[in-house]
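This note is meant for a colleague who is meeting the structure for the first time. Please read the numbered points with the model open alongside.

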Amino acid sequence: MTDKKLKIATVSLAGCFGCHMSFLDIDERIMELAEVAEFDRSPLTDIEHCGDCDIGLIEGGVCNSENVHTLREFRRHCKILVAVGACAINGGLPAYRNYIPLEECLGESYLDGIGVENPQIPSDPELPLLLNKVRPIHEIVKIDYSLPGCPPSADVFWKFLTDLLAGREPVLPYELIHYD
Ligand code: SF4
């Protein structure tokens, strides 16, 4: 690994934080990582906007206007942008709503679904606008690498990051790659 501390930022867009949890499964290896890298925006810090970073890890696809803004901000500030997990790579589970008109989804969730009380569709102007479809992140910005899996295993994160931090082109062994 190099002497220089690299900056890593992470964010969850339309995801479940499962990829972040899997990242944390590197367990005590995070101490080794902290010796060579520091975190900018991530659930581990209280940083609201991504600063200039070496590596940006994106979990989740793009389902609303705020996701688009955040993703573009990461692309502007991160030298290397990584699509982490099925949701970021192809939309994943949230993209199942793409088969149903948005009005029907909103109606089921807020108007006439089971257990709905005080039916009304939220319309606060501060809420981000929903996109008609959930999009994989490569449809919005250029992506440099993808880590497949739902979620990728901790060993995938570790192998990928230690390769990058050592200045090597990341190579994931076949046995680490899975798509479920
Ligand atoms: Fe969650 Fe799987 Fe999507 Fe990761 S890929 S955010 S674990 S649903």
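Predicted model: local features only at pLDDT ≥ 70, side-chain atom pairs only at ≥ 80, totals over all residues.

1. Once neighbours within four places in sequence are set aside, Leu-24 is in contact with Ile-30 and Leu-44. Leu-24 belongs to helix α1. Ser-153 is 129 residues from Leu-24 along the chain, yet the C-alpha atoms of the two are separated by 9.9 Å.

2. The ligand sits in the second largest pocket. Around the ligand are Gly-15, Cys-16, Gly-18, Cys-19, Glu-59, Gly-85, Ala-86, Cys-87, Gly-149, Cys-150 and Pro-151. Sorted by class, this shell has 6 nonpolar, 4 polar and 1 charged residues. Two helices, α1 (18-24) and α4 (85-90), each supply at least two residues of the shell. The largest share, 3 residues, comes from α4.

3. Most peptide bonds are trans. The bond that joins Cys-150 and Pro-151, however, is a cis peptide bond, with omega of about 0°. Pro-151 is placed in the loop between β7 (145-147) and α6.

4. Two residues call for a check of their backbone angles. Most residues other than glycine have a negative phi. Phe-17, although not a glycine, has a positive phi of about 70°. Phe-17 is located in the loop between β1 (6-12) and α1, and with a relative accessibility of 40% it counts as partly exposed. Asn-118 is not a glycine either, and its phi is positive at about 50°. The loop that holds Asn-118 runs between α5 (102-110) and β6 (130-135). Asn-118 is exposed, its relative accessible area being 59%.

5. Is Asp-163 buried or exposed? Its relative accessible area is 4%, so Asp-163 is buried, the limit for that class being under 20%. Asp-163 lies in helix α6, which spans residues 154-165. The side chains of Asp-163 and Lys-159 are joined by a polar contact of 2.6 Å. With neighbours within four places in sequence left aside, Asp-163 is in contact with Arg-168, Glu-169, Pro-170 and Val-171.

6. Asp-54 is found in strand β3 (residues 53-59). This residue is buried, with a relative accessible area of 12%. What does the side chain of Asp-54 reach? At 2.8 Å it reaches the backbone nitrogen of Lys-7. Lys-7 is also one of the residues that Asp-54 touches when those up to four places away in sequence are not counted; the others are Lys-4, Leu-6, Lys-79 and Ile-80.

7. Helix α3, which covers residues 65-77, contains Arg-76. Arg-76 counts as exposed because its relative accessibility is 58%, and the exposed class begins over 50%. Along the chain, Arg-76 and Tyr-96 are 20 residues apart, and their C-alpha atoms are separated by 29 Å.

Terms used: Residues numbered from 1 in each chain as written. Heavy atoms only, no water. Helix = DSSP H or I, 4+ residues; strand = E, 2+ residues; numbered from the N terminus. Buried < 20%, exposed > 50% of the residue type's maximum accessible area, 1.4 Å probe, protein only. Polar contact = N/O pair within 3.5 Å; in protein donor to acceptor, adjacent residues only side chain to side chain. Contact = heavy atoms within 4.5 Å. Near = heavy atom within 4 Å. 1 Å grid on protein atoms, 1.4 Å probe; cavity = no way out; pocket = protein on both sides within 12 Å on 5 of 7 lines; lining within 4 Å. Sits in = over half its atoms within 2 Å of the grid points. Nonpolar A, V, L, I, M, F, W, Y, C, P; charged D, E, K, R; others polar.
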